[in-house]
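Here is a short briefing to read with the model open beside you.

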Amino acid sequence: DKGNVLYLNHAFERLSGYEPEAFINKPFAPLFNDEDLKTAIDGYTRTLKGESPVFELRFNKTGTLCSYKNTPFRDRDGKIIGVLGIARDITEQRRAKQALSLSQHKYKSLFKNMLTAAAYHQIILDKKGKPVDYIILEVNDAFERQTGLKKENVIGQRVTELMPGIKRS
(Lines give C-alpha, C1' and ligand atoms only; values in the text may rest on other atoms or scores of the structure.)
Protein backbone atom coordinates (compact mmCIF):
# COMPACT_ATOMS: atom_id res chain seq x y z
CA ASP A 1 0.00 0.00 0.00
CA LYS A 2 2.93 2.34 -0.62
CA GLY A 3 1.41 3.50 -3.87
CA ASN A 4 4.18 1.99 -5.96
CA VAL A 5 3.39 0.93 -9.50
CA LEU A 6 3.74 -2.81 -10.09
CA TYR A 7 2.58 -3.16 -13.69
CA LEU A 8 1.94 -0.88 -16.68
CA ASN A 9 0.72 -1.92 -20.12
CA HIS A 10 1.99 -0.76 -23.51
CA ALA A 11 -0.49 2.17 -23.70
CA PHE A 12 1.12 3.87 -20.69
CA GLU A 13 4.01 5.28 -22.73
CA ARG A 14 1.67 6.82 -25.32
CA LEU A 15 -0.56 8.36 -22.64
CA SER A 16 2.12 9.57 -20.22
CA GLY A 17 5.21 10.09 -22.37
CA TYR A 18 7.25 7.89 -20.03
CA GLU A 19 8.62 4.40 -20.57
CA PRO A 20 6.82 1.94 -18.27
CA GLU A 21 10.13 0.78 -16.75
CA ALA A 22 10.66 4.28 -15.32
CA PHE A 23 7.75 3.74 -12.91
CA ILE A 24 7.85 0.05 -12.00
CA ASN A 25 8.25 -0.25 -8.20
CA LYS A 26 8.14 3.53 -7.91
CA PRO A 27 5.39 5.98 -6.85
CA PHE A 28 3.03 7.46 -9.45
CA ALA A 29 3.33 10.99 -7.99
CA PRO A 30 5.72 12.44 -10.65
CA LEU A 31 3.13 11.74 -13.36
CA PHE A 32 0.77 14.50 -12.23
CA ASN A 33 0.65 18.14 -11.14
CA ASP A 34 -0.21 18.93 -7.51
CA GLU A 35 -3.97 19.20 -8.06
CA ASP A 36 -4.22 16.01 -10.11
CA LEU A 37 -1.95 14.23 -7.64
CA LYS A 38 -4.42 15.03 -4.84
CA THR A 39 -7.20 13.53 -6.97
CA ALA A 40 -5.07 10.45 -7.71
CA ILE A 41 -4.22 9.94 -4.03
CA ASP A 42 -7.87 10.36 -3.06
CA GLY A 43 -8.89 7.78 -5.68
CA TYR A 44 -6.15 5.41 -4.53
CA THR A 45 -7.13 5.79 -0.84
CA ARG A 46 -10.83 5.28 -1.57
CA THR A 47 -10.05 2.17 -3.61
CA LEU A 48 -8.03 0.68 -0.73
CA LYS A 49 -11.20 1.15 1.37
CA GLY A 50 -13.22 -0.91 -1.12
CA GLU A 51 -14.66 1.76 -3.42
CA SER A 52 -14.32 1.84 -7.22
CA PRO A 53 -14.02 5.56 -7.95
CA VAL A 54 -14.03 7.14 -11.39
CA PHE A 55 -12.12 10.39 -11.84
CA GLU A 56 -10.15 12.42 -14.38
CA LEU A 57 -6.44 13.19 -14.40
CA ARG A 58 -4.08 14.83 -16.88
CA PHE A 59 -0.56 13.50 -17.39
CA ASN A 60 2.08 16.22 -16.84
CA LYS A 61 4.40 15.39 -19.70
CA THR A 62 1.89 14.85 -22.53
CA GLY A 63 -1.16 16.80 -21.33
CA THR A 64 -3.28 13.74 -22.10
CA LEU A 65 -6.57 13.84 -20.17
CA CYS A 66 -7.72 10.44 -18.97
CA SER A 67 -10.77 9.05 -17.28
CA TYR A 68 -9.65 6.62 -14.59
CA LYS A 69 -11.52 3.80 -12.96
CA ASN A 70 -9.91 2.18 -9.96
CA THR A 71 -10.95 -1.22 -8.68
CA PRO A 72 -9.75 -2.92 -5.51
CA PHE A 73 -7.36 -5.80 -6.22
CA ARG A 74 -8.05 -8.64 -3.77
CA ASP A 75 -6.27 -11.80 -2.73
CA ARG A 76 -7.99 -15.18 -2.58
CA ASP A 77 -9.39 -14.37 0.86
CA GLY A 78 -10.99 -11.15 -0.39
CA LYS A 79 -8.48 -8.87 1.35
CA ILE A 80 -7.60 -5.76 -0.64
CA ILE A 81 -3.93 -5.96 -1.55
CA GLY A 82 -3.71 -3.27 -4.21
CA VAL A 83 -5.40 -1.14 -6.81
CA LEU A 84 -6.14 -1.95 -10.41
CA GLY A 85 -6.44 1.30 -12.36
CA ILE A 86 -7.65 1.66 -15.91
CA ALA A 87 -7.08 4.91 -17.82
CA ARG A 88 -8.95 5.89 -20.97
CA ASP A 89 -7.79 8.84 -23.09
CA ILE A 90 -10.62 11.39 -23.25
CA THR A 91 -8.59 14.34 -24.54
CA GLU A 92 -10.24 14.52 -27.97
CA GLN A 93 -13.68 13.75 -26.52
CA ARG A 94 -13.31 16.70 -24.11
CA ARG A 95 -12.09 19.01 -26.91
CA ALA A 96 -15.04 18.00 -29.08
CA LYS A 97 -17.46 18.56 -26.19
CA GLN A 98 -16.00 22.03 -25.56
CA ALA A 99 -16.13 22.89 -29.27
CA LEU A 100 -19.76 21.73 -29.47
CA SER A 101 -20.66 23.77 -26.40
CA LEU A 102 -19.04 26.88 -27.89
CA SER A 103 -20.80 26.29 -31.20
CA GLN A 104 -24.16 25.86 -29.47
CA HIS A 105 -23.60 29.04 -27.47
CA LYS A 106 -22.79 31.00 -30.65
CA TYR A 107 -25.83 29.54 -32.44
CA LYS A 108 -28.17 30.36 -29.57
CA SER A 109 -26.80 33.89 -29.37
CA LEU A 110 -27.22 34.45 -33.12
CA PHE A 111 -30.71 32.91 -33.11
CA LYS A 112 -31.88 34.94 -30.13
CA ASN A 113 -30.54 38.25 -31.46
CA MET A 114 -31.71 37.99 -35.08
CA LEU A 115 -33.76 40.96 -36.21
CA THR A 116 -36.14 38.77 -38.21
CA ALA A 117 -38.57 36.22 -36.83
CA ALA A 118 -37.13 32.73 -36.64
CA ALA A 119 -38.34 29.42 -35.29
CA TYR A 120 -36.29 26.32 -34.62
CA HIS A 121 -38.40 23.31 -35.46
CA GLN A 122 -38.52 19.54 -35.75
CA ILE A 123 -39.73 18.10 -39.04
CA ILE A 124 -42.54 15.53 -39.02
CA LEU A 125 -42.27 13.12 -41.94
CA ASP A 126 -44.85 10.81 -43.47
CA LYS A 127 -44.14 7.11 -44.11
CA LYS A 128 -42.43 7.99 -47.40
CA GLY A 129 -40.12 10.49 -45.71
CA LYS A 130 -41.93 13.56 -47.03
CA PRO A 131 -42.27 16.51 -44.58
CA VAL A 132 -45.89 16.93 -43.49
CA ASP A 133 -45.57 19.32 -40.56
CA TYR A 134 -43.20 20.98 -38.14
CA ILE A 135 -43.20 21.18 -34.35
CA ILE A 136 -41.80 24.43 -33.02
CA LEU A 137 -39.03 23.85 -30.50
CA GLU A 138 -37.90 27.45 -29.99
CA VAL A 139 -38.60 30.93 -31.31
CA ASN A 140 -36.55 34.10 -31.05
CA ASP A 141 -37.61 37.45 -29.59
CA ALA A 142 -38.23 38.92 -33.05
CA PHE A 143 -40.77 36.12 -33.67
CA GLU A 144 -42.86 37.35 -30.74
CA ARG A 145 -42.59 40.99 -31.82
CA GLN A 146 -43.40 40.34 -35.47
CA THR A 147 -46.15 37.74 -35.09
CA GLY A 148 -47.70 38.84 -31.79
CA LEU A 149 -47.56 35.21 -30.61
CA LYS A 150 -46.04 34.46 -27.20
CA LYS A 151 -43.25 31.90 -26.90
CA GLU A 152 -45.08 29.89 -24.26
CA ASN A 153 -48.10 29.53 -26.58
CA VAL A 154 -46.02 28.51 -29.60
CA ILE A 155 -43.32 26.12 -28.38
CA GLY A 156 -44.42 22.50 -28.79
CA GLN A 157 -47.16 23.39 -31.28
CA ARG A 158 -47.48 22.13 -34.85
CA VAL A 159 -47.05 24.86 -37.42
CA THR A 160 -50.24 23.74 -39.21
CA GLU A 161 -52.22 24.19 -35.96
CA LEU A 162 -50.83 27.68 -35.36
CA MET A 163 -51.18 28.81 -38.93
CA PRO A 164 -53.82 26.59 -40.58
CA GLY A 165 -53.54 28.33 -43.95
CA ILE A 166 -49.88 27.41 -44.35
CA LYS A 167 -49.09 25.03 -47.18
CA ARG A 168 -47.25 21.83 -46.44
CA SER A 169 -44.64 20.95 -49.03
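K112 and D141 join their side chains in a salt bridge, at 3.2 Å from N to O. The two partners sit in distant parts of the chain, 29 residues apart, with K112 in helix 3 and D141 in helix 4 (residues 141-147). A salt bridge here is a side-chain nitrogen of Lys or Arg within 4 Å of a carboxyl oxygen of Asp or Glu. Please keep in mind that this is a predicted model, in which local features need pLDDT of at least 70, side-chain atom pairs count only at pLDDT 80 or more, and totals for chains, interfaces and linings use all residues. Residues are numbered from 1 along each chain as its sequence is written, and side-chain values use heavy atoms, leaving out hydrogens and water.

**Salt bridges**

- Side chains of opposite charge can pair when their charged atoms come close.
- Seven salt bridges turn up in a search of the whole structure.
- K112 is partly exposed because its relative accessible area is 46%, and D141 is partly exposed at 24%; the scale is buried under 20%, exposed over 50% and partly exposed in between, with a 1.4 Å probe and protein chains only.
- D42, R46 and E51 belong to one network, joined by salt bridges that share partners.
- Within that group, R46 and E51 form a salt bridge whose closest N and O atoms are 2.8 Å apart.
- E51 counts as partly exposed at 37% relative accessibility, and R46 counts as partly exposed at 30%.
- R95 and E92 also meet in a salt bridge, at 2.5 Å from N to O.
- R95 and E92 are three residues apart in helix 3 (residues 91-113), so about one helical turn separates them; helices are DSSP runs of H or I with at least four residues, strands are runs of E with at least two, and both are numbered from the N terminus.
- E92 is exposed, with a relative accessible area of 53%, whereas R95 counts as partly exposed at 48%.

**The strand 2 and strand 3 hairpin**

- Strand 2 (residues 65-74) pairs with strand 3 in the antiparallel sense over nine bridges; pairing requires that DSSP finds at least two bridges between the strands.
- Five residues lie between the two strands of this hairpin, and G78 in the turn has a positive phi of about 90°.
- Opposite T71 stands L84 of strand 3.

**A nonpolar surface patch**

- F73, I81, L84 and I86 make a nonpolar surface patch of about 400 Å²; its members have over 30% relative accessible area and no salt bridge, and nonpolar side chains (Val, Leu, Ile, Met, Phe, Trp, Tyr) are joined within 5 Å.
- Strand 3 (residues 80-89) gives the largest share of the patch, three residues.
- L84 counts as partly exposed, because its relative accessibility is 46%.

**The largest pocket**

- The largest pocket holds about 1000 Å³ of space; a pocket is an open set of points on a 1 Å grid over the protein atoms alone, where a 1.4 Å probe fits, with protein on both sides within 12 Å along at least five of seven lines, and lining residues have an atom within 4 Å of a point.
- Of its 33 lining residues, Y7, L8, V83, L84 and G85 are the closest to the centre.
- Strand 3 supplies the largest share of the lining, nine residues.
- Elements that give two or more residues to the lining include helix 1 (11-16), helix 2 (34-48) and strand 1 (54-58).

Key: Patch = residues over 30% accessible without salt bridge, like charges linked within 9 Å, V, L, I, M, F, W, Y side chains within 5 Å. Areas by Shrake-Rupley, 256 points an atom, 1.4 Å probe, with all protein chains shown as cover. Points joined across faces, edges and corners; volume = space filled by probe spheres on them.
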